[in-house]
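Welcome! Take a moment to look it over before reading on.

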Amino acid sequence: MPSYALRLLLLPALLGLCAPLCAQSPAAGAPLPGAPGEQAPSQPMPVLEPFVATYEAHYQGKPAGSATMQLVRDGDSRWRIDLTIHGERGIAGLARLNLQQSTVFDTGAGWFRPLSQATARKAMLFGKEVTGSYDWTSMEARWAGDLKKERRRPLPLQAGDMSALLINLAIMRDAVPGATLQYRMVDLGRARDYVYQAADEPEIMAVGDMSYDALRVARTSSDGDQTVLWVATGVPTPIRILQRKDGEDEIDLRLVEYRGV
């Protein structure tokens, strides 16, 4: 159960991976942001708009619960993106699984710059909490809480670094047909380079009574697992987020509704 919970929460998809909001990230084929201490390229940031989105969560093809993603203001110049997953059916329901992750960020540096993070995983038989801080003066990120010792060590930051939830927002803003999207994730005590490939053309996907032209954006990890999301113009969150393992659908989030707040 703990491993299932961890995979679900780390899915750089959940709502967050979705807010086609805005900002600009490396262009197709562009190198990742440079060395520590460098300034991120100055790019016009799109206007963010608060929203709340609800998803149906499926695990290995079976209903497992629901997920909520929201973007809210956190002061005059800061924002917060939250992802909450509730296990309501199947194994997740029996374990009373609840997952929550939040990232506070600003946009003044020209990208979705993380400032702090909080993650909680709760179930009937276990509970874990982790907090993180991004110090852009010392260019270091640190995490505390229920993590392995090696993940509590300070990590050097680079201009352009984002958390998993913020990468989701960046994908929504950056995805255009045929684009290669490159990001560096610094999250939960580790740093990784992520590369996503957008399809050449959108495909039709249904959400309730509505149909959208949705663009498929996918990332394949070194072990062959895939994370795929579909984004649609005018929708502030992904239409669908799918994680595939060993060639089979594992975690599948399907948009039910979204609204501005």
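Is arginine 80 buried, partly exposed or exposed, and why? Arginine 80 counts as partly exposed because its relative accessibility is 24%, and a residue is called buried under 20% and exposed over 50%.

**Getting oriented**

Please keep in mind that this is a predicted model. The mean pLDDT of the protein chain is 80, with 78% of the residues at 70 or more. Residues 1-43 have a pLDDT below 50, and beyond near neighbours in sequence this stretch has 157 contacts in the model. The protein chain holds 3 helices and 15 strands. Of its 261 residues, 52% count as buried. Among contacts between residues at least 6 apart in sequence, 51% join residues at least 24 apart.

In soluble globular proteins, nonpolar side chains tend to be buried together. Here, the largest nonpolar core has 67 residues, and Phe105, Trp143, Tyr196 and Ile239 have the most contacts inside it. Helix α3, residues 164-174, gives the most to this core, with 8 residues. Because 11 of the 11 residues of α3 are buried, the helix is largely enclosed by the rest of the structure. The buried residues of α3 include Asn168, Arg173 and Asp174 as well as Leu165 and Ile167.

**Strands side by side**

Strand β13 is mostly covered, with 7 of its 7 residues buried. Gln226, Val228, Trp230 and Ala232 point one way from β13, while Thr227, Leu229 and Val231 point the other way. β13 pairs with β12 in the antiparallel sense over 7 bridges, and alanine 232 in β13 is the bridge partner of alanine 214. The hairpin of β12 and β13 has 5 residues between the strands, and glycine 224 takes a positive phi near 95° there. β13 is also joined to β14 by 5 bridges, and these two strands run antiparallel. In that pairing, tryptophan 230 has arginine 240 in β14 as its bridge partner.

**Charged pairs**

Side chains of opposite charge can pair when their charged atoms come close.

| Salt bridge | N to O distance |
|---|---|
| Arginine 80 and aspartate 82 | 2.8 Å |
| Lysine 245 and aspartate 225 | 3.8 Å |
| Arginine 240 and aspartate 252 | 2.9 Å |

Aspartate 82, the partner of arginine 80, counts as buried because its relative accessibility is 9%. Asp74, Arg78, Arg80 and Asp82 are linked in a network of salt bridges.

Lysine 245 pairs with aspartate 225. This pair links distant parts of the chain, with lysine 245 in strand β14 and aspartate 225 in the loop between β12 and β13, 20 residues apart. Lysine 245 is partly exposed at a relative accessible area of 31%, whereas aspartate 225 is buried at 10%.

Arginine 240 forms a salt bridge with aspartate 252. Arginine 240 lies in β14 and aspartate 252 in β15, so the pair ties together parts that are 12 residues apart in sequence. Both arginine 240 and aspartate 252 are buried.

Conventions
Residues numbered from 1 in each chain as written. Heavy atoms only, no water. pLDDT = per-residue confidence, 0-100. Contact = heavy atoms within 4.5 Å. Core = buried A, V, L, I, M, F, W, Y, C linked by side-chain atoms within 4.5 Å. Buried < 20%, exposed > 50% of the residue type's maximum accessible area, 1.4 Å probe, protein only. Helix = DSSP H or I, 4+ residues; strand = E, 2+ residues; numbered from the N terminus. Salt bridge = Lys/Arg side-chain N within 4 Å of Asp/Glu carboxyl O. Pairing = 2+ DSSP bridges.
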